[in-house]
Amino acid sequence: MNHLFPILTVLAYLMSFGLYVRFLASGKKLTGRLGTLLLGLGLMAHYFALLERSRGLHTVPYHDLYGSMSLFGWLLALTYLGLEVYHRQRSVGAFVMPFILVFFLAAHLAPADRLSPPAAHGATFAFHVTLSILAYAAFALSFVLSLIFLGEERLLRSHKLGNMVWRLPPLELLERMSKSSVLVGLVSIAIGTALGFVWVDRLSSEYSFYDPKYVVTLLVLLLYVLYLGLAGTGAWRGARASRLCIFNFLIVVLSFTVVNLYLSHSHRYF
Amino acid sequence: MEIVLVGLNHRTAPVEVRERVSFTAEQARRAAEELRARGILEETLVLSTCNRSEVYGVPPESSHECAPGLSTFLSEFHSVRADILSVSLYHHYDHEAVRHLFRVSAGLDSMMLGEAEILGQVREAYRFAHEQGATGPVLNRLFQGALEVGKRVRTETELGTRPMSVASAGVKLAERIFGKLSERRALVLGAGTISEQVVSQLRDRGIAQLHVMNRSRDRADELARQFGGKVVGWGEWETALQSPDVVVSSVSADEPVLRRDIVERAMAARGNRALFLMDLGVPRNIDPSVGELYNVYVYNTDDLSEIVRQNRNARESEVPRAQGIVDEHVTKFLSWQASVELVGLVDALRVKMREERASFIRSRMEPMKHLTETDRAQVEKLMDEMLEKLLVGPAERLRGEKELRRKIQNVEALRDLFLSNREKP
């Protein structure tokens, strides 16, 4: 397999990460813009790396755990870039890039699973999977934003500002960004889950409707709806809502790992 | 093409002298006209702010010679006795004058290190002098360089990024919580000077609504009128605390004015929306336990002073970087200045050598009677070619090679080496 695109992706992401960190430390706009540019280039290279890997294995990117992780990393980068452009806020890049890099490296350094191609085919299934992973990526982003919120809030309350607080996004912007991200995740997971049920309906003879994955997915959906509802109320707005968001993502991680690998009959790596 | 600077600033002159030597725009225009008419300066630019009055110029003769005339002019122009003025004035010439101006526009020479206003003041002074036709090629280049230095220092270093007063530190902190303050509301408790400073900062950031609460209604009315706010009756906490995002308190009181129970009720009424409280009173106006309430951020004078102290240290640590930018641009300007002067020097050398050649040939060929007119013309042509070869080559290199120009910055030495005083361009 050609390693050009994975190498280009890693280089672009690493440089983007370095520039975002530098931007956080220095506040120079040009540095931040270059960070964004390199993230965009990394996204393109990552796309071609995914395409190449899929072609090499003659299957879809989410065929195995590593492919799913790489796709997750790509969608996380894409969601972050969208959020950065929408909110015009680059300070978060330094915190998100390590996650993207870890998922990409973990996916591309490990050998591919020698699993038989999935029985599932077709656009409905592809959209179901892609939207679900997009939702997880958006939830991951809201998780990172909530962590930053809690850290910054703690620094502001303890009056220990240091150098970084002046560069971080304002607390209320972090809340808004987190809500936007959750909204993207909710819409994606709602459509993705609906498409999943449509697809299962077509193959009802082969798959069970009573899968623990469905239960956990519905729980995730409800928890994030709850987060969006509570984040605007007096008792919950601010740090409490952020903690709830972090808790919700832990359930997502549970769904992505334990439920998929050990409990689900119909889900493997997404 | 020398540069002279005569001026005074907050370090060399007390405010009583500075205020007498400051220039209005009209005075700056008149001073430039008179300096040119008296033959003291060919190009003039007056930079006058509350902390400095400086006259930059290009004299027709040596800059050192024109400086006393310039000092006398300032003394006469502002009707200040020369002996009073002379102790406050500083004189800088050529590269020292260039360095001084670049440091000024970088904010390195300001009373508050890295202050942003000075760059705008330099820009305005240059725009005005340029419009009046008081500047020429040298000052145009010099001030364009100064503006570039100021811009670079502000974008490439953190010299001017952090708040340096308690009032601005408080407002910046509010921005850390709410972001832009243009859609936010503020309540000011007490109508003293410190409140005024904070309100002024909030107004600069376009705060949407301002309420003033003070024991003395008249003073509250005055502050509200001054900044376009509304007055709230003293003690009407339920109304007053329901809408604001920022509260600034500087009341003179022995006991805390904002008790925990008052803020607790207010937070319940406002749905726990974040509240930033700036307690600038001594003794403190806000019960310290208020800071424990959910979504309430309390900063007192000591907290804000500590932030200012940290920021001052951070700014000072940026001075070497800013100084590096200044040095880079000083070298750049001097290199440009040298290149312009060198071109003039080469032209003067060419004229001188042609004259030398003519008299040399006359004297040396006189005894050589056997040479025909054609031979003489041939010799003259050969000498001309040799001189051109000796001069034109280096001249072209000087025009083309920046590094060479940088090395030959002290053109005076070259001038003195080749030309007598009379022949200098």
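This is a predicted model: local features need pLDDT of at least 70, side-chain atom pairs count only at pLDDT 80 or more; totals for chains, interfaces and linings use all residues.
How many residues of domain 1 of chain B are in contact with how many residues of domain 3 of chain B?

Chain B is divided into domain 1, residues 4–161, domain 2, residues 166–309, and domain 3, residues 326–423. In answer to the opening question, 12 residues of domain 1 of chain B are in contact with 7 residues of domain 3 of chain B. On the domain 1 side, two elements of chain B give two or more residues each: α5 (94–106) and α7 (137–156). The largest share of that side, 6 residues, comes from α5(B). By residue class, the domain 1 side holds 6 nonpolar, 2 polar and 4 charged residues.

Let me turn to the sheet of chain B. It is an open sheet of 6 strands with parallel pairing, in the order β7-β6-β5-β8-β9-β10. At its edges are β7 (230–231) and β10 (296–300) of chain B, each of which pairs on one side only. Within the sheet, β8 (residues 246–249) and β9 (residues 275–279) of chain B run parallel and are joined by 4 bridges. Val246(B), for instance, has Phe276(B) as its bridge partner in β9(B).

Two helices of chain B accompany these strands. Helix α9 (residues 193–204) packs on the sheet, where it touches β5 (185–189), β6 (209–213), β8 and β9 of chain B, and its direction makes about 170 degrees with that of β5(B). Helix α8 (residues 166–178) of chain B lies across β8, β9 and β10, running at about 165 degrees to β9(B).

Leaving aside neighbours within four places in sequence, Phe276(B) is in contact with Leu173(B), Ala174(B), Ile177(B), Asp245(B), Val246(B) and Tyr297(B). Phe276(B) is also among the residues with the most contacts inside the largest nonpolar core, together with Leu76(A), Ala137(A), Leu141(A) and Leu277(B). That core has 124 residues, and its largest share, 17 residues, comes from helix α5 (residues 123–158) of chain A. Apart from it lies another core, of 53 residues, including Val4(B), Ile40(B), Ala106(B) and Ala322(B).

Finally, the contact between the chains. Chain A contributes 16 residues to it and chain B 18 residues. On the chain A side, α5 and α6 (171–202) each supply at least two residues, and the largest share, 3 residues, comes from α6(A). The chain A side divides into 8 nonpolar, 4 polar and 4 charged residues.

How values were computed. Residues are numbered from 1 along each chain as its sequence is written. Chains are lettered from A and ligands numbered from 1 in the order in which they are written. Two strands pair if DSSP finds at least two bridges between them. Axes are lines fitted to C-alpha atoms, for helices over the stretch in contact, and angles run from 0 to 180 degrees between N-to-C directions. Domain bounds come from an automatic or database domain assignment. Ala, Val, Leu, Ile, Met, Phe, Trp, Tyr, Cys and Pro count as nonpolar, Asp, Glu, Lys and Arg as charged, and the others, Gly among them, as polar. A nonpolar core is a set of buried Ala, Val, Leu, Ile, Met, Phe, Trp, Tyr and Cys residues joined through C-beta atoms within 7 Å. A residue is buried if 20 or more other C-beta atoms lie within 10 Å of its own, exposed if 12 or fewer, and partly exposed in between; C-beta atoms are placed from the backbone.
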